[in-house]
Structure formats: C-alpha cells, structure tokens
Amino acid sequence: MCGIIGIIGENSVSDDLIKSLERLEYRGYDSAGIATVYNGRMDRRRANGKLKNLISLIHNSPLKGSTGIGHTRWATHGRPTERNAHPHMNEDVSVVHNGIIENFRELRSELEKAGCIFYTETDTETIAHMISYYIRHGAGIVDAVGRALKRLKGTFALGIIFSTDEDIMIAARRGSPLAIGHGNTAMYIGSDAIALAPFTSAVTYLEEGDWAVISSKNAIIRDSNDEVVQRSVTALEVCNFQMGKGNHRHYMHKEIHEQPEVISRTLSNYIDKAELKLHPFDIGVDLSTIDRIIISGCGTSFYSSLVGRYWIERYACIPVEVDFSSELRYREPPLSPNSLALFISQSGETADTLAALRYFKAKHQTVASVVNVHTSTIARESNVVIPTLAGSEVGVASTKAFTCQLSAIACFCLMLAKSQKNVTKFNEREIISGLVDAPNLIAAMLSDERPFNNLAYELAKASNVLYLGRGINCPVALEGALKLKEVSYIHAEGYPAGELKHGPIALVDEKIPVIVLAPKDKLFNKTVSNMQEIASRGGRIVFVSDANSDEAGCELLAHLPIPKAHPCVMPLLCAVSVQLIAYHTAVIMGTDIDQPRNLAKSVTVE
Ligand code: M6R
C-alpha cells in the first residue's frame, strides 16, 4: 500500500528519496511523487503510473534541497491521477500521508468556507490546508501541526515539511506504521524499515499517537497527550533487507525457491531437529487452560488459519473457529475467559487484522500472533508472538510467508497438544520428523519446473480455473485459486472437492481446467470419485498427487507429482505446487508478477 520516505540532512535529497521509493515499490502503488524545500520555497514532482515516469520527470526537471518527502500512492480517495498523487502542497506545507481521514468531508467544507481552495479529490489535501490555516492564524509550525492532528479522525502516518523552515520535518502516526531513522548527518522517516535500510540501521518505531519534530540531528517525540517521550532506538535486521532478485526473473520466483531455507529456519526456532522434539518452551501464557481458539487473518493468512484449524482440532483437541479478520468483530462472537485469539499476518500491519486483534484485546482476551515482521504493530500489541522467519517478502503474492506460517502454526499446535497432555494420542516424533523432512522434499520439487511450465501454456488459454481439495488440503486449494487470480488475472475458484456436486459442477465443460489436490491420504478415494464426476462431464483434470497417474482413474490434462510425505506436511507440498502453477501461468500471460494491478503488499486501510 502507500509508502512514505522523508529525509532531512545536509546534502541534496532528491536521489535518495527516489532510491527509497524504489524499495517501497513492492508495497503496490499507482502514482508517486516527491517534494523538497529549498531557499524558502517548496517544489514537487508527481507522476501517475510506475516510478520510471517520476524519475524521467525529475531527470528533465531536477529538484534541489536537503529536506524532502516522497510517497508511493495506492489510491483510496480519488482516482490514481497525477493531480491526486502525493505530496499535497500549498504555499506553507507539503504533506505525504498513508491511511484514511474519515472526517475529511466535514473538515474540507469548513476550510472551504474559510476560503481554502482544493485542487484534488483526496482526503490528504485537507491535512495540508488545516495546518496552513492554523499557521495563517498565528500558530507556530509545531503548534499548527499539533492542533491539526487533534482534528483528524481515522488513520494516518504523515510526513510534513514547511517552506518557512528547512530545518524541520514533522512525522505523525495514528493507525499506520511509521519509523524514524537516525543517520550520521541526516534523519529519516519511513513507512517501513525497508525504506530506511539504505541509509541507516538505527531505527525508532513510533508508537500509536506519537508525533515527532525532526531536525537533521535529532528527533523530539511527543505522545498523543503532547508529552515529550523517549522511544528506544533499535537495530534493523540487515539480513532481512538483501533485496535483489539474484538469478531469478521475479521476486515471486526467488521467494518460492527460498522456501526450503526459510521453512527450515522457522522450524529450527521451535524444534530440536537432532532429537526430533520441541525445544523447551515458555511463551508467557499457560496453554494448558485454553479451551477454545479463534484464528483470524486475511487473504493467504486466512487460508493458513484454516489449515491451522485442522491441525489444532486433530492434535491438540481444542475447538477452533476461523474467520476473516474483516468480519470477525462484526459478528460479536461470545467469548470465554479461557479462549485464545490467534492472528496470522505476514506484514503484521494489515488494518483488518489489527482491528480484530484490538477488539479481542479490549474484551480482555489473550491475543497471540503469527507474524513475519517482528517489529510490526500486530507483533507489538500481541501478548504472545509466534514468529515466522521467512525474511522480507517482496512479491505482492505471498509464497514463502505462507509456508512459514504453516510451519510455525504446526509447531504451535504441538506446543498446545503437549500442554494439554494430548501428545499420547498421536506420534509427536513422527510429525516432527515429517516437518523436518519438508525442506528437502520442497527442494526436490523445485529442481524441475518443466511440468509446471508445460501446464501453464494450457492454463493461459483458460478463462476460468477450478481448484479442489479435501480435508486439510482444501484451504490450499483456496490459496491456489487466490494465487492464480492475483498474478495471472485468470478467474479461479477453490472448493472442497465434495462440494462441487452441490452447484459449481455446473461450470464444468471441456474448456475448464480443474486442479485437484489429491495426496494419497485416507480421503484419496473420495477425491478420486469426485474426479470421475468431473471427467465424465468433459472437465480437464490436473492431478496434484503423490499417487501414480493411473490411480487417478481418468484421463488427465497433467499429473504434477508431489513427493510422499507425512499427511501433516502435505499442505506445504501442495502449496508449492499451486505457487508454481500460478507463477508459470503469469509468466506466459505477461503480467506484472511482483506488483499485480490493484494490489498492495501490506493493506493498511480497512
Ligand atoms: O500481511 P498479511 O499476511 O496480514 O496480509 C494479508 C493479505 O493481505 C495477504 O495475504 C494477501 O492476500 C496476499 N496478496 C496474498 O498473496
């Protein structure tokens, strides 16, 4: 989603602002801009579309100044046009903003009555005029911002610079993350650490409601009550920011191939691989008393929640419900004192998930989270954090974060089972051994992508694709359909295999490829029956299975073999298959794989 960078230093900032915006591209955006202040005058350059448009604009018409802000915009209010692109500016201030100002209409009409002229459809322009209004009515810069912040309802991360004072940049955070970077001769603000990584490894994460007055030497941070506060400076995990694509054409491909390593790293956090047992754990919560678990996430993280339900109910014998984070709190579910709310999020900043988490915290529930960004808001606001160690995921379509979520949830499930004294009901060592084998099995799958590439030519001709799975692999079928939609723009739907005959089978004809996840588990024969139903109606079946192709019992469009493994591990292996199907299809479709249209990496608005 939108990205912010701000720099206040001694040298020209224009090139560094662009360098940082390039690193923020992965978040998804549809326009970009920068503004600087120089000799008492602000100026800006903005362009619709990709960053290269902005770069060529700046090349033809450079911007001077050692104080500046930059933004990549993912449109919420107003179309993605140059006019609506940030920074928004008047004679006094220039503003970049992530989030949504919910009361912008009433503020705008108040300001229009006071004589302000608006040029855009955005909520952000209101902030610039509001600050300017207070300045023109006698307030100093800092006071004007403080007063304006109090008028805003909604969510924001803000970077603000001023024409009358090049030595001040103001940052503010409510609901959207923002960090301050401490350099030797400059200070920075960034909506995520990736934006700051080229310049500094010393970072202060602003807390909810904080705002900061920043010079090239330091930052004075105030809390929501305007009291000056000290916030700690932490070191960036540099290894997380090695962002090149290496030998891969796309980040998505690189991240699919990183899975053996990052799954192994995530498992090592929980499992003693030599002894095939869990590391001793004390996560600060008594897991033995938990009698109900509610798991929630969005998109891919929602699907890993669904896989988690199968594991936890089966092995820890605790009832689990799963819901979309965007829906959960509106149901107002009845809660019990011993329930645990578990939130799954790669970024740890997804607004829907964060809002659901806060709802449960306000109801005094114990809140745990499975997160990949350990400094994120969701991680910081959780009672218990179950980290994944996937490293930075740049491709908008989640791949390695998903399989690392599954790995961490599987380990958490074993902790629950152990705490609830349910380990005797299944063979813990067998499951752990299965998990430990997973990275090697995935590496073997990744060693030959030709079957996926061949199939992709067929899928690229289809307008619709169905994905089917049963039991624990059903959520992976849903994830497969999401992945194909996201990166290839081909319509796809996932269903439980047994559900097809209750309606969706009406879609089946000789044009529709049906991708069936059918590991040879105890449900295999039932899935095979469903394949017969499809084949007899002309549907073209892609058989993703560790069984031989003749066991499918029908003609196949393709057989994508997966290695034999413990049933527990099958969701990870099937996940890799559906990722490769989506990736290769998208390559043939020629889409923007790492930054698909309309999508954002971290969705920080509800
Ligand atoms: O960062 P999160 O895991 O909270 O993000 C949730 C979804 O927005 C995310 O999984 C999205 O669905 C991805 N584009 C999936 O590939």
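**Helix packing in a predicted model**

Tutor: Helix 9 passes helix 13 in a right-handed crossing. The model is a predicted one.

Student: Are helix 9 and helix 13 roughly parallel or roughly antiparallel to each other?

Tutor: Helix 9 covers residues 299-316 and helix 13 covers residues 400-419. They pack at an angle of about 25°, with their axes 9 Å apart. Angles under 35 degrees count as roughly parallel. Helix 9 and helix 13 are therefore roughly parallel.

Student: How many charged residues has the contact of helix 9 with helix 13?

Tutor: Helix 9 contributes residues including Tyr303, Val307 and Trp311, and helix 13 contributes residues including Phe402, Leu406 and Ile409. By class, the contact has 13 nonpolar and five polar residues, and the number of charged residues is none.

Student: What is the distance between the end C-alpha atoms of helix 18?

Tutor: Helix 18 has 20 residues, 570-589. At 1.5 Å a residue, it should span 28 Å. The computed distance agrees with this: 29 Å.

Student: How many of the residues of helix 18 are buried?

Tutor: Buried means under 20% relative accessible area. Helix 18 is mostly covered, and of its 20 residues the number buried is 17.

Student: How is helix 15 oriented to helix 18?

Tutor: Helix 15, residues 450-459, packs against helix 18 at an angle of about 60°, with the axes 8 Å apart. That angle makes helix 15, relative to helix 18, oblique.

Technical notes
Residues numbered from 1 in each chain as written. Predicted model: local features only at pLDDT ≥ 70, side-chain atom pairs only at ≥ 80, totals over all residues. Heavy atoms only, no water. Helix = DSSP H or I, 4+ residues; strand = E, 2+ residues; numbered from the N terminus. Expected span 1.5 Å × (residues − 1). Buried < 20%, exposed > 50% of the residue type's maximum accessible area, 1.4 Å probe, protein only. Axes fitted to C-alpha atoms, helices over the stretch in contact; angles between N-to-C directions. Parallel < 35°, antiparallel > 145°, perpendicular 65-115°, else oblique. Left-handed = near helix turned anticlockwise from the far one by under 90°. Contact = heavy atoms within 4.5 Å. Nonpolar A, V, L, I, M, F, W, Y, C, P; charged D, E, K, R; others polar.
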